[in-house]
Amino acid sequence: MVDALLALLATLGALAATGLLVQRASKDRLLYLIAWSFTQVGLTLALLSMSLGFMMGFNGAFFRIMELGAALIGPVWLALGMIELIARYVQVRFGAWLFTISYTVVAIVILILDPLKGTLGKSLPKPSATYDALPLLLIDGAHVVAVLALAGCTGVTAWLASKRDQEAAELLIPVALVALAGVLVVSGTRGFLPAPLAVIALGAAAGLVWYGSMRTIPVYDEDGEGYDEYGDEPATGYEEQGYAQGAKAEPVPAPTPSPESRRGELRFPEPASEELRYPENTSIPAPPAFPAGADPAGATSVDGPLGGPLPGPLGGPLDRSPLAGLAKPGALGGDLANACGQITVYTLLDGREEAFDRLAADLVKAALAAEPETLIFACHEVVGGPTQRIFYQLFRDEAAFAAHRRRPHLQRFLAESRTHVIATNVIELKLGPAKVPLPAPEFPGR
């Protein structure tokens, strides 16, 4: 009876972990989460069969469900999810999916149809005393493949982390937790452990899979005030993007998936609303009016530092495209001795360009509309680098830069753009005295 109660508690815990993981997988549509959801379902069914077997006595159905869920599907799909998460070559991931699906289908058919031997009671049956040679060979093969894959992925991740690979370093703990879960699954289904320890091993494995998976994806905190990519603290993104930690971020609405299909996932998070992400009652300064009959393309809309027209966006009509290099009319006039700024280079995930550009366009509009001391705030595409974006920001002084860091629209951008960015490089700028533009001399006829 103690074994049945322990198995029932483990089943309830595994069921809760499975529900949470399936919910996250259905929302984010990440392939490794989908694979681990199969593992969780298999472990939960196996624990449920063990609970019923301890109470009512094991039969062929309970035994087969237990072996299919925990001994076959659990470790194989756990290893598949690990490879999907770690492997950086699409050929490796495709091969892993092809092998896993094929092996699972063949093994399920054989494990269901192969006759059982021996008698079953209320004690936990051992596979070696119940299955013939072929099913045991398939189970052994699944365990060997799973252990080798999990150990290999963990070793590669640790090696990359030792080489200061940031992505590998951040994934090292989740990978180690999932690998430990694989060891527990294999240990609990070999028939070597007593029934209580086997139940505990499978229940702990379900918990580790859930916890490890939650540390590999963005997780919102309970108050909705931003999220941390690994579920520790609400993050604002300042550390990666070169900003000093500022005020507490305002609540950020959870992203909703987009139906587009991309590498390593089926959909990716995007902003939940199309509304503008900058304060109301503000507006972008309109471009200067031109005299009647004047050609806007050739007209002087803003005087440059030397008294003449400025080339590009400042010398003609303002470009309102999402990634335009926008500056306020007359912003570069006056004393610029204390001007400072920042250049930020973003490297985006493949397929995330449009989602990032929408966030960048909202941020550019908000900065120019709500921050009077912002001289230039622009986001540029890189020719020949479709997954790179460059932000150029120039502020009148340090106080304006510090105020910009505290703006809610910046904190929203930093929080929501993290899921689209692989790496960020920051270059701090300070305008030296030799670069301050001098007044232009007066020329007759000008």
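**Loops, helices and cores**

Author: Arg29 lies in the loop between α1 and α2, where helices (H or I, at least four residues) and strands (E, at least two) are DSSP runs numbered from the N terminus. This is a predicted model, in which local features need pLDDT of at least 70 and side-chain atom pairs count only at pLDDT 80 or more, while totals for chains, interfaces and linings use all residues. Residues are numbered from 1 along each chain as its sequence is written, and side-chain values use heavy atoms, with hydrogens and water left out.

Reader: OK, and what is the phi of Arg29 like?

Author: The phi of Arg29 is near 55°, which is a positive value in a residue other than glycine. Arg29 is partly exposed, because its relative accessible area is 29%; buried means under 20% relative accessible area, exposed over 50%, and partly exposed in between, with a 1.4 Å probe and protein chains only.

Reader: And Arg164, where is that found, and is it buried or exposed?

Author: Arg164 is found in the loop between α6 and α7, and its phi is likewise positive, at about 65°, although Arg164 is not a glycine. Its relative accessibility is 80%, so Arg164 counts as exposed.

Reader: Let me step back, then. How many helices and strands does the chain have?

Author: The chain has 12 helices and 9 strands, and of its 446 residues, 47% count as buried. Among contacts (heavy atoms within 4.5 Å) between residues at least 6 apart in sequence, 71% join residues at least 24 apart.

Reader: Which residues touch the most other members of the largest nonpolar core?

Author: Those are Trp36, Phe54 and Met82, in a core of 64 residues. A nonpolar core is a set of buried Ala, Val, Leu, Ile, Met, Phe, Trp, Tyr and Cys residues joined through side-chain atoms within 4.5 Å. Elements giving two or more residues to this core include α1, α2, α3 and α4, and α3 provides the largest share, 17 residues.

Reader: What does Phe54 touch, if you don't count residues up to four places away in sequence?

Author: Phe54 then touches Asp3, Ala4, Ala7, Lys122, Leu124, Ala195 and Val199. Two of those names come back in α8, where Ala195 and Val199 are among the buried residues, along with others including Leu202 and Met214.

Reader: Is there a second core, or which residues would it include?

Author: There is a second, separate core of 20 residues, which includes Tyr346, Leu348, Leu359 and Phe377.

Reader: Back to α2. What span should its 26 residues have?

Author: At 1.5 Å a residue (the expected span being 1.5 Å times one less than the number of residues), α2 should span 38 Å, and its end C-alpha atoms are 38 Å apart, which agrees. After α2 comes Gly57, whose phi is positive, near 100°. Within α2 sits Ser49, which counts as buried because its relative accessibility is 4%. Apart from neighbours within four places in sequence, Ser49 is in contact with Phe58, Phe62, Ile65 and Met66.

Reader: How do the axes of α3 and α4 cross?

Author: They come within 10 Å and cross at roughly 175°, the axes being lines fitted to C-alpha atoms over the stretch in contact, with angles from 0 to 180 degrees between N-to-C directions. The two helices are therefore roughly antiparallel to each other, a label for angles over 145 degrees. By class, their contact has 17 nonpolar, 2 polar and 3 charged residues; Ala, Val, Leu, Ile, Met, Phe, Trp, Tyr, Cys and Pro count as nonpolar, Asp, Glu, Lys and Arg as charged, and the others, Gly among them, as polar.

Reader: What about the axes of α10 and α12?

Author: The axes of α10 (residues 353–370) and α12 (residues 408–417) come within 9 Å and cross at roughly 170°, so these helices are roughly antiparallel to each other. Residues in the contact include Phe356, Leu359 and Leu363 in α10, and His409, Leu410 and Phe413 in α12. The contact divides into 9 nonpolar, 2 polar and 1 charged.

Reader: Last one: how far apart are Glu354 and His420?

Author: They are 66 residues apart in sequence and 9.7 Å apart in space, C-alpha to C-alpha. Glu354 is in α10 and counts as partly exposed, at 49% relative accessibility.

How values were computed
Parallel < 35°, antiparallel > 145°, perpendicular 65-115°, else oblique.
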